[in-house]
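Here's a quick tour for anyone opening this structure for the first time.

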Amino acid sequence: MTCHTEAARLDALRKLDLLDTPPSDAFDRITRMAARMFGLPIAAVSLTDSDRQWFKSRVGVEHWSIPREKAPCATVAETDGFLVIPDLLEDPYFCDSPLARSGVRFYAGAPLTTRDGHALGAMCVLGTAPRQITEAERDALSDLAAMVMAQIELQHAMGRIDPISGLPNRNQYLDDMGDLDKDRPAGEARLAMLVHLASPEQLANAGRVMGPSYVDGLVTEAVRSFRAEFGAAGKMYHVAATQFIVVVAPELSLDECRARLERWLQGRDAWSTSRFVTTPAVGIAPFAVGGTDALDVLRTAQGAVHDAYATGVQVAVYSSAQDAAYQRRFTLLTEFGNALEAGDQLRLAYQPRIDLATGACLGAEALLRWSHPVLGAVSPGEFMPIVEQTSMARPATAWVVDAALRQLRAWHDAGMPLTLSVNVAAPNLLEADFAQMIAAQLRTHGVAPERLELEITESAAMGNQAAAESTLSALHAVGVRIAIDDFGTGYSSLSYLQSIPAHVVKIDQGFVRGIEGDERKRALVGAMASLSHDLGYRVVAEGVETAGAAALVRAAGCDEAQGWLYARALEPAQFAQWYVGR
């Protein structure tokens, strides 16, 4: 038996959840019958695990398992064949086996084989004296093995029905979809509808208040009403707590599906007791029989449901464009984690910040760059919003801070007394030990705290005010500078901004670009600069691309400028050359 086949056999065995389960009368009756029919003291339903023979049922045996090595039942499982050993002591292979040493002389075993051809073990009978077996006895033992497998399949089938909804479950859906091309023409266009009875937030809130029985009732009434609407026009499966998928009958068109779904949803007043606290959504996924994997149908239908919730509609059809976008997002997130570990894909570029009064370069903003070996250069505008919404935000910021401080230390050693700005994601402000991490990095690289500036957006600071304010206060205590980035684009409360222990406000480039021909922008920049100065902040204008814009933001009261007028984001060596050459 090859390793691949053995792995598949073990997988089939474990999926049945039989190993180490309590005794069962259903199996014990068959085992007792085998012992009586053969007139032998020992009989067992033996399952071949990776390193043992485990007895689901046994007669005349005290222990529940024996080692697999040189166990006859293991040979039955490995060969998927009937095995008779008239005398173990006369058999060159089994003569020194544990069974032979225990006094067993005779063995006969019929394989327990699944419909997929995996031999799980054996229905076996054993005796303490040598003997032969007749053809009738061979047939009888094979019949008993078939009875054992029928019982196994029956018990497994009982695990294929959801007890709440009465619908076939996810495992049955996967099996039925895998067999669909046996009954229907290959390539036949079909539809699957995935129904979510509530959004995750609604479900969590309602379940927290009303308990598990609420979910049970939600499912029961929805399934009953859905069956009434669709009848035999689709096969329903319960695939998650409040989700069921329907494989639509081939004669039902997309338009007809939509019409029936709309009718079912509009009739919620009649069948739903939770219509005021939950919002169902349905995703429709077209697929081809034999051409689309069952899990992929489920995935695309899930994507359509998410699109429905995102757009505020109740029924959405799978969109290949939306799916491609989500696939891209997932790929980027996965690959970014690999990039953090690779060491050669991520780097920092640095854009100078200029003092508008003196023209001196006071510092720079560290900007993350990603060059993927296959995807090429990935824009931070594409990958950072994805990273910041996940647990990757912490390691990403830690990587940037470490790389930025290492570079800052090198520049200081080279006689370049700069300040570096690093962007901080909103989740970072919720980390209880974020300030301690920053302090530790500063000590590791030997950089004075005031030489590091952390940039946060208004929205990040306002997202969880209590936690954010606590973290910002801790960072202020460490001694690092705090900058409010993209000022004017968030939803900040002026009273809250007053309480942030910040040092710098960076006016968003959207207010600066085109300022020469826009009087309203000039007025807004002037007002923001005046307000920021009144709050004690130093003001930086972002997106300065022309000398005229630089003059206007300086006249409006800005202290510093950053933008292409001075330099684009530069690699470290380019930055040093630019700095020295000024």
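A helix axis here is a line fitted to C-alpha atoms, taken over the stretch in contact, and the angle between two axes runs from 0 to 180 degrees between their N-to-C directions. Two packed helices are described by that angle together with the distance between the axes. Keep in mind that this is a predicted model.

- Helix α15 covers residues 434-445 and helix α17 covers residues 465-478; their axes come within 8 Å and cross at roughly 25 degrees.
- Angles under 35 degrees count as roughly parallel, so α15 and α17 are roughly parallel to each other.
- As for its hand, the crossing of α15 and α17 is right-handed.
- Which residues of α15 and α17 meet? On the α15 side they are F434, A435, I438, A439 and L442, and on the α17 side T471, A474, L475 and V478.
- Sorted by class, that contact has 8 nonpolar residues, 1 polar residue and no charged ones.

**Helix α20 and its buried side**

- Helix α20 takes in residues 547-555, and its buried residues are A549, A550 and V553.
- Looking down the axis of α20, you'd find those buried residues within an arc of 100 degrees, so they line one face of the helix.
- What do the buried residues of α20 pack against? Their partner is β19, residues 538-542.
- Just after α20 comes G557, with a positive phi of about 110 degrees.

**Positive phi in two loop residues**

- K70 isn't a glycine, yet its phi is positive, near 55 degrees.
- You can find K70 in the loop between β3 (65-67) and α3 (72-79).
- Is K70 buried or partly exposed? Its relative accessibility is 22%, so K70 counts as partly exposed.
- D80 is also not a glycine, and it has a positive phi of about 55 degrees.
- Look for D80 in the loop that runs between α3 and β4 (83-85).
- With a relative accessible area of 34%, D80 is partly exposed.

Note on methods:
Residues numbered from 1 in each chain as written. Predicted model: local features only at pLDDT ≥ 70, side-chain atom pairs only at ≥ 80, totals over all residues. Heavy atoms only, no water. Helix = DSSP H or I, 4+ residues; strand = E, 2+ residues; numbered from the N terminus. Parallel < 35°, antiparallel > 145°, perpendicular 65-115°, else oblique. Left-handed = near helix turned anticlockwise from the far one by under 90°. Contact = heavy atoms within 4.5 Å. Nonpolar A, V, L, I, M, F, W, Y, C, P; charged D, E, K, R; others polar. Buried < 20%, exposed > 50% of the residue type's maximum accessible area, 1.4 Å probe, protein only. Arc of directions from axis to C-beta.
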